[in-house]
Amino acid sequence: MKNVYQSITNYISETIRTIPDFPKEGIQFKDITTLLQDKRALELTSYMLAQPFRNKEIDYVVGLESRGFLFGTNLAQDLNAGFVPVRKPGKLPSKTLSEVYALEYGEDHVEIHADAIFKNAKVIIHDDLMATGGTASAATKLIKRLGGEVVGYSFIIELSFLNGRNQLAQNVPIESIIVE
Ligand code: AMP
């Protein structure tokens, strides 16, 4: 089974292209539009994202704007959970909570609806890629402020040289399909 997972991972990995110096010099941008175009990679990525969390009684998948929305709703459906968006400022129409975060390139805020999750809900945070871990860490704070429990993190790609893991809730599984 390990070999099967390895070949699935290799297949997915080959569909992602790296664009040098985008959006600014020095950033190796991981472009997943080429993964999305490939129907086999699309299906395999959904399968691999759900695999670690099946039968874990997850209440919500929280997807991070914007590429965390691409697989986030599908992941929620696969886990029999609801989907909650964490968005950039000014996008959510109802009452929100806000947290500052640092990106690999820049700084911004993220917001969640104040009534998005119920108390003690079990939550998975999902994004396409973890770089510094700043965005996922800010989302963790938002969920904790709402009384939820982050029980897992889910990424397609993790840039391990940026040590994003250190920013996230300790003793919580971090499931990345591809670790670079
Ligand atoms: P971070 O908060 O540093 O973990 O950054 C994560 C967010 O920035 C994710 O939403 C990614 O989509 C985006 N991001 C950061 N670095 C890259 C990169 N090298 N390639 C693609 N997306 C990136």
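This is a predicted model: local features need pLDDT of at least 70, side-chain atom pairs count only at pLDDT 80 or more; totals for chains, interfaces and linings use all residues.
1. **Overall make-up.** The protein holds 5 helices and 9 strands. Followed along the sequence, these elements come in the pattern α-β-β-α-α-β-α-β-β-β-β-α-β-β.

2. **Size and packing.** The radius of gyration is 16 Å, which agrees with the value near 16 Å for a compact globule of 180 residues. Taken along the principal axes, the C-alpha atoms fill a box of roughly 40 × 40 × 30 Å. Of the 180 residues, 48% count as buried. The accessible surface comes to about 9,400 Å², and carbon and sulfur atoms account for 47% of that area. Looking at contacts between residues at least 6 apart in sequence, 58% join residues at least 24 apart.

3. As background, strands of a sheet pair through backbone hydrogen bonds, either parallel or antiparallel.

4. Is Y101 buried or exposed? With a relative accessibility of 5%, Y101 counts as buried, because the cut-off for that class is under 20%. This residue lies in strand β5 (residues 96-103). Leaving aside residues up to four places away in sequence, Y101 touches K88, E107, D108, H109, V110, G134, T135 and A138. For one of these, T135, the C-alpha atom is separated from that of Y101 by 5.7 Å, although the two residues are 34 residues apart along the chain.

5. How many salt bridges does a search of the whole structure find? The search finds 6. In one of them, E180 pairs with K30, and the closest N and O atoms are 2.9 Å apart. E180 sits in the segment after β9 and K30 in strand β2 (residues 28-31), 150 residues apart, which makes this a link between distant parts of the chain. E180 counts as partly exposed at 39% relative accessibility, whereas K30 is buried with a relative accessible area of 11%.

6. **A salt bridge between two loops.** E65 forms a salt bridge with R87, with 3.0 Å between the closest N and O atoms. E65 lies in the loop between β3 and α4 (68-78) and R87 in the loop between β4 and β5, so the pair ties together parts that are 22 residues apart in sequence. E65 is buried, with a relative accessible area of 16%, while R87 counts as partly exposed at 23%.

7. E158 is buried, with a relative accessible area of 3%. R165, at 37% relative accessibility, counts as partly exposed.

8. **Cis peptide bonds.** Two spots deserve a look at the backbone. The bond from F22 to P23 is cis, with omega near -5°, and P23 has its place in the loop between β1 (17-20) and β2. The bond from E65 to S66 is cis as well, with omega near -10°. S66 belongs to the loop between β3 and α4.

9. **Positive phi values.** Finally, N80 has a phi near 55°, a positive value in a residue other than glycine. N80 is found in the loop between α4 and β4 and is exposed, with a relative accessible area of 73%. N163 also has a positive phi, of about 55°, although it is not a glycine. The loop between β8 and β9 holds N163, which counts as partly exposed at 46% relative accessibility.

Notes:
Residues are numbered from 1 along each chain as its sequence is written. Side-chain values use heavy atoms; hydrogens and water are left out. Helices (H or I, at least four residues) and strands (E, at least two) are DSSP runs, numbered from the N terminus. The radius of gyration is taken over C-alpha atoms; the globule rule is 2.2 Å times the number of residues to the power 0.38. Buried means under 20% relative accessible area, exposed over 50%, partly exposed in between (1.4 Å probe, protein chains only). Contact means heavy atoms within 4.5 Å. Accessible areas come from the Shrake-Rupley method with a 1.4 Å probe; for residues, only the protein chains shown count as cover. A salt bridge is a side-chain nitrogen of Lys or Arg within 4 Å of a carboxyl oxygen of Asp or Glu.
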